[in-house]
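Here are my notes on this one, written for someone new to reading structures. Have the model open while you go through them.

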Amino acid sequence: QLVESGGGLVQAGGSLRLSCAASGSIFSFISMGWYRQAPGKQREWVAGISSAGTTNYADSVKGRFAISRDNAKNTMYLQMNSLKPEDTAVYSCAASTPTTNYWGQGTEVTVSS
């Protein structure tokens, strides 16, 4: 089970840190990532991190967002800086094992202009 937290309302230019807590060890996840879905749009991939710590970002967030994972706390994070109104969306975390994909329920982020 994955549970997101940290969403909220923030002004443009502000920051938020999202957390994705797993109910068990995240050592078994070969990859973890963040996705978002804005109102009226399809879900899009935002950032990913491998079990080795390799990170990747969508071009729209590169240089502003940072993904990380703390295996000791079984938690993944998304630090979001320099937020823009177009970052407004429901953010969901996902994790994959070789056989199963897991998804969280999502946390809402609203960026006001």
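**Notes on the fold and a few residues**

1. Let's start with burial: of the 113 residues in the protein, 42% are buried. Buried here means under 20% relative accessible area, exposed means over 50%, and partly exposed is in between (1.4 Å probe, protein chains only). Keep in mind that this is a predicted model, where local features need pLDDT of at least 70, side-chain atom pairs count only at pLDDT 80 or more, and totals for chains, interfaces and linings use all residues. Residues are numbered from 1 along each chain as its sequence is written, and side-chain values use heavy atoms, with hydrogens and water left out.

2. Next, the secondary structure: the protein has zero helices and 11 strands. Both are DSSP runs numbered from the N terminus, with helices being H or I of at least four residues and strands E of at least two. The radius of gyration is 13 Å, close to the 13 Å from the globule rule for 113 residues, so the protein is as compact as a globular protein of that length. That radius is taken over C-alpha atoms, and the rule is 2.2 Å times the number of residues to the power 0.38. Along the principal axes, the C-alpha atoms fill a box of roughly 40 × 25 × 25 Å.

3. A contact means heavy atoms within 4.5 Å.

4. Now for the rings: the whole structure holds two aromatic pairs. In one of them, Tyr-35 and Trp-103 have ring centres 4.9 Å apart and planes at 55°, so the pair is tilted. Rings of Phe, Tyr and Trp (its six-membered ring) pair if their centres lie within 6.5 Å; planes under 30 degrees apart are stacked, over 60 edge-to-face, and the rest tilted. Tyr-35 sits in strand 4 (residues 31–37) and Trp-103 in strand 10 (residues 101–103), so the pair ties together parts 68 residues apart in sequence. Tyr-35 is partly exposed at 25% relative accessible area, and Trp-103 is partly exposed too, at 37%.

5. Last, have a look at Arg-64, in the loop between strand 6 (55–57) and strand 7 (65–70). Is Arg-64 buried or exposed? Arg-64 is buried, with a relative accessible area of 11%. Leaving out residues up to four places away in sequence, Arg-64 touches Gln-79, Met-80, Asn-81, Ser-82, Leu-83, Lys-84 and Asp-87.
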